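Here's a quick look at charge pairing in this model. Take a look at the structure below, then read on.

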Amino acid sequence: MLTIAFATGTEPGKWFRRYEELTGDRLEAVPSDDPFALVGTQAKAVLMRLPDERVGDEHHVVRLYEEAPGVAVPKDSVYAEVGEVTLEDLAEEIVNFSGQSPIDDLRSALQVVAANVGVAYAPLPLLKNLARKQIKALPLHGEAAGQTEIALVWRKVDDSDAVQDFVGVTRGRTVRSSRGKKHPRSGGKRTRG
C-alpha cells in the first residue's frame with residue numbers, strides 16, 4: 001500500500017480517489033504539519049510546500065501548483081472590511097509570522113492576531129485552514145507578496161511503480177487515459193512519466 005503524507009492546508013483527496021480508481025490499490029493518506037519529516041520513513045512520498053532547504057539532490061521533485069500568498073488579519077479590522085490588501089497597505093502593522101513553518105509558530109501567531117494585534121503572513125490555503133472566528137484570511141496582492149509551491153517529493157531510492165502511478169494521477173492521468181489502464185503489478189519495468 002502506498003503511503004502519502006500531505007501538508008496542512010492542502011486538499012489532495014481527488015488525487016487519492018483517482019489513484020485508487022486507476023490502480024485498484026488502496027492508498028494511506030497521512031496529514032502532517034511537516035510532511036517532509038515523514039519521507040522515506042512513514043511515507044513513500046509527500047505533498048509539501050516549497051521552497052524547503054531540506055529537499056536535495058537525493059529527492060525527486062514534481063512541482064504541482066503555486067499557492068496564493070495570504071495574510072491573516074483581525075476579523076473586525078479595516079482590512080477585513082476592504083478585503084484586498086498589499087504589503088504596502090500593511091507596512092505599519094506588527095508582523096507576528098511570516099513564512100510557512102513551523103506551523104505551530106503560525107498557530108501561536110494567529111492567536112495574537114485574533115486578539116486584535118498585528119497580522120500573520122502565510123500561504124492563503126494554509127491560513128484559511130487554520131483561521132478561527134476572530135480572524136479573516138485575505139489574499140495578498142502585489143509583486144512582493146511571494147508564492148509557495150506544492151510539490152510531490154520522494155527519495156530517489158524509494159522510486160516505485162506505485163509512486164510513478166501517483167505522479168501520473170497528479171499530472172491528470174485517469175482510468176480513461178491511455179496510460180491510465182489498470183496494470184498488473186510485476187517486477188518488469190514500465191515507462192515512467
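Throughout, buried means under 20% relative accessible area, exposed means over 50%, and partly exposed sits in between (1.4 Å probe, protein chains only).

## Ground rules

This is a predicted model, with pLDDT of at least 70 needed for local features and 80 or more for side-chain atom pairs, while totals for chains, interfaces and linings use all residues. Residues are numbered from 1 along each chain as its sequence is written, and side-chain values use heavy atoms, leaving out hydrogens and water.

## Salt bridges

Side chains of opposite charge can pair when their charged atoms come close. Searching the whole structure turns up seven salt bridges (a side-chain nitrogen of Lys or Arg within 4 Å of a carboxyl oxygen of Asp or Glu).

One of them joins Arg54 and Asp52, with 2.8 Å between the closest N and O atoms. Asp52 is buried at 17% relative accessible area, whereas Arg54 is partly exposed at 36%.

Arg107 pairs with Asp33 at 2.5 Å, N to O. Helices (H or I, at least four residues) and strands (E, at least two) are DSSP runs, numbered from the N terminus. Arg107 is partly exposed at 32%, and Asp33 is partly exposed at 34%.

Arg107 also bridges to Asp104, where the closest N and O atoms are 3.1 Å apart. Both of these residues lie in helix α3, three residues apart, or about one turn of the helix.
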